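Visitor: Please show me the structure. I have some questions about the terms used for it.

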Amino acid sequence: MRSMAGTKFDYAPLLAPGRHYRQLTEIEDLCVRPFLKSAMRPNLFARLCTFVQAIKSADICCEILVNGSFLTVKNDPSDVDVALLMDPDVAESLNADQEALVDAINDNIFIDKVDAFAETLFPIGHASFRLDGNERLWSEQYGSEHNGVYLKGIAVLRVGETDVGLRIRR
């Protein structure tokens with residue numbers, strides 16, 4: 001929906017500001033089950049599940065951030081916004097199949113209606129940290145509404161980690 005001034009209207013968020021670590025079933029309970037009249041939400045959730053399963057099957061350790069109108073009270077969002085965040089050691093050790101999956105995600109040709117991208121979170125001191133200066137990463141824009149006036153919550157799925165946040169290493 002667009003306002004009179006041409007800016008995008010944001011619906012009220014379903015989560016308080018910040019990152020909320022969740023399981024897929026909890027995201028379904030929050031984003032699908034309360035919206036009984038929604039035609040889109042069950043379909044978008046199924047697509048999100050397909051996305052997550054593909055990442056798990058590819059054995060990519062990461063965090064998946066779920067954002068956008070799917071995490072608001074908007075009855076029928078048009079898509080689900082997703083960011084796949086990898087640590088440098090993961091991104092630098094991807095095999096050919098994993099790289100192809102990440103490329104498909106970044107080319108936005110992976111799953112229709114899942115508006116996704118993948119980023120590597122380089123720490124300060126890493127040779128690739130903010131190569132272009134002080135630009136804000138796409139994932140850092142998650143958690144605020146379009147005008148940047150107020151904050152909203154992000155659902156975070158951990159892939160390849162224990163429930164206390166320790167990465168599973170082989």
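Visitor: What is the bridge partner of Leu 85 in β4?

Guide: Glu 119 is the bridge partner of Leu 85 in β4. This is a predicted model, where local features need pLDDT of at least 70, side-chain atom pairs count only at pLDDT 80 or more, and totals for chains, interfaces and linings use all residues. Residues are numbered from 1 along each chain as its sequence is written, and side-chain values use heavy atoms, with hydrogens and water left out.

Visitor: Why are β1 and β4 said to stand at the edges?

Guide: The order of the open sheet is β1-β5-β2-β3-β4. β1 (18-21) and β4 each have a single partner strand, so one side of each lacks a neighbour in the sheet.

Visitor: Why is a set of residues called a nonpolar core?

Guide: The name applies because its members are buried Ala, Val, Leu, Ile, Met, Phe, Trp, Tyr and Cys residues joined through side-chain atoms within 4.5 Å. Buried means under 20% relative accessible area, with a 1.4 Å probe and protein chains only. The largest such core here has 35 residues. Phe 51, Ile 55, Phe 70 and Met 86 touch the most other members. α2 (41-57) is among the contributing elements. The largest share, six residues, comes from α2.

Visitor: Which residues are in the second core?

Guide: That separate core of six residues includes Ala 83, Leu 85, Phe 117 and Val 156.

Technical notes
Buried < 20%, exposed > 50% of the residue type's maximum accessible area, 1.4 Å probe, protein only. Helix = DSSP H or I, 4+ residues; strand = E, 2+ residues; numbered from the N terminus. Pairing = 2+ DSSP bridges.
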